[in-house]
Amino acid sequence: MEVIDEWAPGFRFHDGRYFGGYGVAPDLLERIRWGKGQGRRWYREVAMAVGRRGSKGYIGSMAASYVLWNHITKGDPQSHYGGGP
């Protein structure tokens, strides 16, 4: 949370667009609070603007592993979500 607080001022929002050279969306903490209030555990989509050799594949595989782990811990995901035989 401290890092997000540090990075948030790196962008500013003006006329429907973000401007700045580094950082995260200034309202990211607000978005996180809103999502958690809705019972969400992760974002549905992420636009990861990372350059060449920035570990996009590694970070993406870690995020996918977390989501998959959450499904597997349900015991029988098909029954939990109403699918399967």
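**Contacts, core and surface**

Let us begin with leucine 29, which, apart from neighbours within four places in sequence, is in contact with Met1, Ile4 and Asp5. Please bear in mind throughout that this is a predicted model.

Two of those names return when we turn to the interior. Which residues make up the largest nonpolar core? This core has five residues, namely Ile4, Ala8, Val24, Leu28 and Leu29.

Glutamate 6 is placed in helix 1, residues 2-7. Is glutamate 6 buried or exposed? Its relative accessibility is 57%, so glutamate 6 counts as exposed, the cut-off for that class being over 50%. Between the C-alpha atoms of glutamate 6 and leucine 29 there are 12 Å, and along the chain the two are 23 residues apart.

I now come to charged side chains. In general, side chains of opposite charge can pair when their charged atoms come close. How many salt bridges are there in this model? The count is one salt bridge. Arginine 31 forms a salt bridge with aspartate 27, and the closest N and O atoms are 3.0 Å apart. Arginine 31 has a relative accessible area of 39% and is therefore partly exposed. Aspartate 27, at 26% relative accessibility, also counts as partly exposed.

Next, the aromatic rings. The count here comes to two aromatic pairs. Why is the pair of tryptophan 42 and tyrosine 66 described as edge-to-face? The ring centres are 5.9 Å apart and the planes stand at 85 degrees, so the pair falls into that class, for which the angle must be over 60 degrees. This pair links distant parts of the chain: tryptophan 42 lies in the loop between helix 2 (28-37) and helix 3 (56-72), while tyrosine 66 lies in helix 3, 24 residues apart. Tryptophan 42 is partly exposed, at 34% relative accessibility, and tyrosine 66 is partly exposed as well, with a relative accessible area of 37%. Ring pairs join Trp42, Tyr66 and Trp69 into a cluster.

Finally, let us consider the surface. Tyr43, Val46, Met48, Val50, Tyr58, Ile59 and Met62 make a nonpolar surface patch of about 680 Å². One of these residues, tyrosine 43, is found in the loop between helix 2 and helix 3. Tyrosine 43 has a relative accessible area of 44%, which means that this residue is partly exposed.

Thank you for your attention.

Terms used
Residues numbered from 1 in each chain as written. Predicted model: local features only at pLDDT ≥ 70, side-chain atom pairs only at ≥ 80, totals over all residues. Heavy atoms only, no water. Phe/Tyr/Trp six-rings, centres within 6.5 Å; stacked < 30°, edge-to-face > 60°. Helix = DSSP H or I, 4+ residues; strand = E, 2+ residues; numbered from the N terminus. Buried < 20%, exposed > 50% of the residue type's maximum accessible area, 1.4 Å probe, protein only. Core = buried A, V, L, I, M, F, W, Y, C linked by side-chain atoms within 4.5 Å. Contact = heavy atoms within 4.5 Å. Patch = residues over 30% accessible without salt bridge, like charges linked within 9 Å, V, L, I, M, F, W, Y side chains within 5 Å. Areas by Shrake-Rupley, 256 points an atom, 1.4 Å probe, with all protein chains shown as cover. Salt bridge = Lys/Arg side-chain N within 4 Å of Asp/Glu carboxyl O.
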